[in-house]
Amino acid sequence: PSAVAVLESSPSGRGRSVVASFATHPLVLAGAAGLLLNLTGWRPPSLLWAPIETIGALAIPAMLLAFGMSLFDNRMPPLHRLPRETLAAIATKSLLVPAVAWGLGLALGLDGLPLRAAVILAALPTAQIVFVHSLRYQVATPLVQATTLWSTVFSVPVILLATLVVG
């Protein structure tokens, strides 16, 4: 939410202050509401809760659909023709982040399943929400689009390799 608050305060956002954007961000408000419900033990009636659950369940499929539609509208160049900063982002997410997780895990004394889990989680592709935010705020959309696509492709062999080698 803090990064989104900064984007909200930018010219492509709403131009509000970072503090106001953070305090009124839906993720912050939803987290606060969830914490309040958890602490009080109150559960909203199903008439109110069922539509909220349905909308929540739609979030990830809607992001994937938006990403797929963007690939149709904006043909991406082949990997070898991508700009250097995009290639660096793809390599960082696909290779460097899992390697750092492995190294940190070893340094912290992890082994076996906990270490493997840490590396596999680090090898997961760029989250779809990053693409949604880049689209919403019109910031680095081609870079994010390519990084999301290629980190998804490369996550499969990296996760398979981590499963065989780590732990």
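How much space lies in the second largest pocket? I get about 170 Å³, in a model that is predicted.

**Second largest pocket.** I listed the lining next. Ser 94, Leu 95, Pro 98, Ala 99, Trp 102, Val 119, Val 158, Leu 161, Ala 162, Val 165 and Val 166 line this pocket. Helix 5 (84–107) and helix 8 are the elements that give two or more residues. Helix 5 has the largest share, with 5 residues. By class I find 10 nonpolar, 1 polar and no charged residues.

**Largest pocket.** Here I find about 320 Å³ of space. Its lining includes His 25, Pro 26, Leu 27, Ile 55, Met 63, Ile 129 and His 133. Two or more lining residues come from each of helix 3 (26–40), helix 4 and helix 7. Helix 4 gives the largest share, 4 residues. I sorted the lining by class: 8 nonpolar, 3 polar and no charged residues.

**Helix 7.** I then checked which residues of helix 7 (residues 128–137) are buried. They are Gln 128, Phe 131, His 133, Ser 134 and Tyr 137. His 133 also lines the largest pocket. Among the elements covering the buried residues of helix 7 are helix 1 (2–8), helix 4 (46–73) and helix 8 (141–165). Gln 138 follows helix 7, and its phi is positive, near 50°.

**Ser 21.** Is Ser 21 buried or exposed? Ser 21 counts as buried because its relative accessibility is 2%, and the cut-off is under 20%. Ser 21 sits in helix 2 (residues 18–23). Leaving aside neighbours within four places in sequence, I find Ser 21 in contact with Ala 5, Glu 8, Ser 9 and Arg 16.

Definitions and conventions: Residues numbered from 1 in each chain as written. Predicted model: local features only at pLDDT ≥ 70, side-chain atom pairs only at ≥ 80, totals over all residues. Heavy atoms only, no water. Buried < 20%, exposed > 50% of the residue type's maximum accessible area, 1.4 Å probe, protein only. Contact = heavy atoms within 4.5 Å. 1 Å grid on protein atoms, 1.4 Å probe; cavity = no way out; pocket = protein on both sides within 12 Å on 5 of 7 lines; lining within 4 Å. Points joined across faces, edges and corners; volume = space filled by probe spheres on them. Nonpolar A, V, L, I, M, F, W, Y, C, P; charged D, E, K, R; others polar.
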